[in-house]
Amino acid sequence: MLFLSRCRKRSCWHGKNDPAAGTHIFLWWLFDDSRLPAGIRRAVEDADNAVLISAASVWEITTKFRLGKLPEAAAVAKNVPLWIEKAGFAPLAVSPAHAQLAGAWKQAHDALAAFPIQIMSR
């Protein structure tokens with residue numbers, strides 16, 4: 001999920017119901033991809049916001065690269081934590097309470113994708 005705490009306009013919430021949106025947004029940001037919605041780009045660029053990437057996104061990038069679904073992300077997939085740092089983002093810790101909640105969900109993929117990225121006011 002993608003959470004933009006400061007953004008109140010609907011245009012900032014593209015992909016909010018798509019669990020994979022956070023991972024895509026992270027990759028689109030790294031690759032300066034034109035698919036990154038303008039409202040999300042502004043929120044990421046806003047110095048008052050902190051961008052947090054979860055382990056679920058790291059897992060997704062690495063897994064999809066290994067399966068041949070993200071060949072363009074080879075450099076990122078080899079060291080995702082480094083790329084999180086290079087982007088000026090921070091890791092989002094998943095607590096035991098988060099893990100228990102995710103584990104209770106019926107579809108494991110949805111559980112893994114529940115917390116990929118957050119953009120929060122500092």
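In which strand is Ser 54 found?

Analyst: Ser 54 is found in strand E2. Helices (H or I, at least four residues) and strands (E, at least two) are DSSP runs, numbered from the N terminus.

A word on the model. This is a predicted model, in which local features need pLDDT of at least 70, side-chain atom pairs count only at pLDDT 80 or more, and totals for chains, interfaces and linings use all residues. Residues are numbered from 1 along each chain as its sequence is written, and side-chain values use heavy atoms, with hydrogens and water left out.

Now the residue itself. Ser 54 has a relative accessible area of 0%, so it is buried. Buried means under 20% relative accessible area, exposed means over 50%, and partly exposed lies in between (1.4 Å probe, protein chains only).

The strand around Ser 54 is mostly covered too. Six of the six residues of E2 are buried. Both faces of the strand are covered. Asn 49, Val 51 and Ile 53 are on one side. Ala 50, Leu 52 and Ser 54 are on the other.

E2 has a partner. Three bridges join E2 to strand E3, residues 90-92, and the two run parallel. Two strands pair if DSSP finds at least two bridges between them. Opposite Ser 54 stands Leu 92 of E3.

Pro 91 also lies in E3. Its relative accessible area is 65%, so Pro 91 is exposed. Leaving aside neighbours within four places in sequence, Pro 91 is in contact with Leu 52, Ile 53 and Ile 84. Contact means heavy atoms within 4.5 Å. Pro 91 and Ser 57 are 34 residues apart in sequence, and their C-alpha atoms are 10.0 Å apart in space.

Back to Ser 54, and on to the helix. At the start of helix H3, a side-chain oxygen of Ser 54 reaches to within 3.0 Å of the backbone nitrogen of Ala 56. The term for this is a polar contact: a pair of N or O atoms within 3.5 Å. Within protein, one atom must be able to donate a hydrogen and the other to accept it, and residues adjacent in sequence count only if both atoms are side-chain atoms.

H3 covers residues 55-66, twelve in number. From first C-alpha to last, H3 reaches 16 Å, close to the 16 Å expected at 1.5 Å a residue. That expected span is 1.5 Å times one less than the number of residues. The buried residues of H3 are Ala 56, Ser 57, Glu 60, Ile 61 and Thr 63. After H3 comes Gly 68, with a positive phi near 85°.

The largest nonpolar core has 18 residues. A nonpolar core is a set of buried Ala, Val, Leu, Ile, Met, Phe, Trp, Tyr and Cys residues joined through side-chain atoms within 4.5 Å. Phe 26, Ile 61, Val 76 and Phe 89 have the most contacts inside this core. The elements that give two or more residues to it are helix H1 (21-30), helix H2 (38-45), strand E2 (49-54), helix H4 (74-78) and helix H5 (80-86). H1 gives the most, with five residues.

Phe 26 lies in H1. Its relative accessibility is 0%, so Phe 26 counts as buried. Not counting residues up to four places away in sequence, Phe 26 touches Ile 53, Ile 61, Val 80, Trp 83, Ile 84, Ala 87 and Phe 89. Phe 26 and Ile 84 are 58 residues apart along the chain, with 8.6 Å between their C-alpha atoms.

H2 also has a buried side. Its buried residues are Gly 39, Ile 40, Ala 43 and Val 44. They cover an arc of only 135° around the axis, which puts them on the same side of H2. The arc is that of the directions from the helix axis to the C-beta atoms.

Last, the wider setting. The protein has seven helices and four strands. Along the sequence, the pattern is β-α-α-β-α-α-α-β-α-α-β. Of the 122 residues, 39% count as buried.
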